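I opened the notebook to look up a few places in one model. The entries follow in the order in which I checked them.

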Amino acid sequence: MSEMNAAAVMELSDIRKTYREGKLSTEVLKGVSLSIPKGALMALVGASGSGKSTLLHIMGTLDRPTSGDVIFEGEKVSSWGESRQAEFRNRKLGFVYQFHHLLREFTALENVMMPEIISGTPMAEARERAAAMLERVGLKDRMDHRPSELSGGERQRTAIARALVNSPELVLADEPTGNLDFRAAGSVMDLIEELHESLGMAFVVVTHDRELAKRLPSAITIRDGKVAEESL
Ligand code: ADP
Ligand code: MG
């Protein structure tokens with residue numbers, strides 16, 4: 001990498017993505033280049049259908065770009081094979097979605113332990129760290145509840161605890177407040193800001209809510225498949 005930026009946790013270089021279905025092809029991303037500084041707290045905004053989720057999936061190695069590179073701490077992760085990418089995601093990234101995607105038959109504590117179990121953390125340590133993370137997100141008294149016994153906001157807090165439990169370098173959140181009412185959304189954003197402040201990893205938070213985005217220190221706007229120049 002000729003122009004690697006050592007202060008960046010992730011760099012995207014000329015990312016293009018075209019979806020092809022039969023004869024139809026949709027060019028969603030038309031050359032996105034950007035740099036996410038270590039420890040950044042960044043909003044990713046854009047109209048519905050502008051390609052925010054597509055870009056986030058590509059950043060998270062959950063989807064491959066049609067062309068262009070995703071570089072994580074100097075390594076071109078977008079060209080790695082599936083199993084190496086899976087291990088990378090487990091160790092270095094955290095994911096939060098609009099819908100919590102918690103496993104319904106498991107308690108909050110067990111859900112938060114999952115990424116640790118996958119990475120081979122011994123059970124006692126996994127339990128201890130998961131419990132500490134749940135306490136941190138304000139769910140000390142909800143650890144043994146299943147998702148159906150939690151409110152929407154509590155489920156998102158659990159999902160955030162799960163995303164953070166392996167101490168990722170970068171957390172990718174796709175409309176984490178999109179399914180919550182106004183108050184719960186505000187309190188989940190407060191939590192994200194507080195965790196960012198205290199734990200220091202980088203966050204990219206997709207939202208179509210400009211008011212929420214304005215709270216964050218920096219923002220990227222996707223428009224017409226590219227990073228728009230203007231700020232919020
Ligand atoms: P956003 O998250 O900003 O709302 P998306 O990234 O989900 O936007 O979608 C961007 C565009 O790509 C939309 O037009 C959507 O229909 C299209 N798209 C997304 N995923 C696929 C797919 N798997 N196959 C075909 N088209 C897709
Ligand atoms: Mg989306």
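**Entry 1: helix H5**

The model is predicted, so local features need pLDDT of at least 70 and side-chain atom pairs count only at pLDDT 80 or more, while totals for chains, interfaces and linings use all residues. Residues are numbered from 1 along each chain as its sequence is written, chains are lettered from A and ligands numbered from 1 in the order in which they are written, and side-chain values use heavy atoms, with hydrogens and water left out.

Element names come from DSSP runs numbered from the N terminus: helices are H or I with at least four residues, strands are E with at least two. I noted that 11 of the 13 residues of H5 are buried, so the rest of the structure largely encloses this helix.

**Entry 2: Asn166**

I found Asn166 in the loop between H5 and E7. Is Asn166 buried or exposed? Its relative accessibility is 14%, so Asn166 counts as buried. Not counting residues up to four places away in sequence, Asn166 touches Asn90, Arg91, Pro115, Glu116, Ser119 and Arg129. The side chain of Asn166 reaches the backbone oxygen of Pro115 at 3.0 Å.

**Entry 3: strand E8**

I looked up the pairing of E8, where two strands pair if DSSP finds at least two bridges between them. E7 and E8 run parallel and are joined by 5 bridges; Val171 has Phe203 as its bridge partner in E8. The chain goes from E7 through H6 to E8 in a right-handed β-α-β crossover, right-handed meaning that, with the strands pointing away from the viewer, the path from the first strand over the helix to the second runs clockwise. Strand E3 (residues 41-45) also pairs with E8 in the parallel sense, over 4 bridges, and Met42 has Val204 as its bridge partner.

Side chains in a regular strand alternate between the two faces of the sheet. In E8, I found Ala202, Val204 and Val206 buried on one side and Phe203 and Val205 buried on the other.

**Entry 4: ligand 1**

I listed residues with a heavy atom within 4 Å of ligand 1; among them are Tyr19, Glu21, Val28, Lys52 and Thr54. Oxygen atoms of ligand 1 lie 2.7 Å from a backbone N or O atom of Gly49, 3.0 Å from a polar backbone atom of Gly51 and 2.9 Å from a polar side-chain atom of Ser53.

Notes: Buried means under 20% relative accessible area, exposed over 50%, partly exposed in between (1.4 Å probe, protein chains only). A polar contact is a pair of N or O atoms within 3.5 Å; within protein, one must be able to donate a hydrogen and the other to accept it, and residues adjacent in sequence count only if both atoms are side-chain atoms. Contact means heavy atoms within 4.5 Å.
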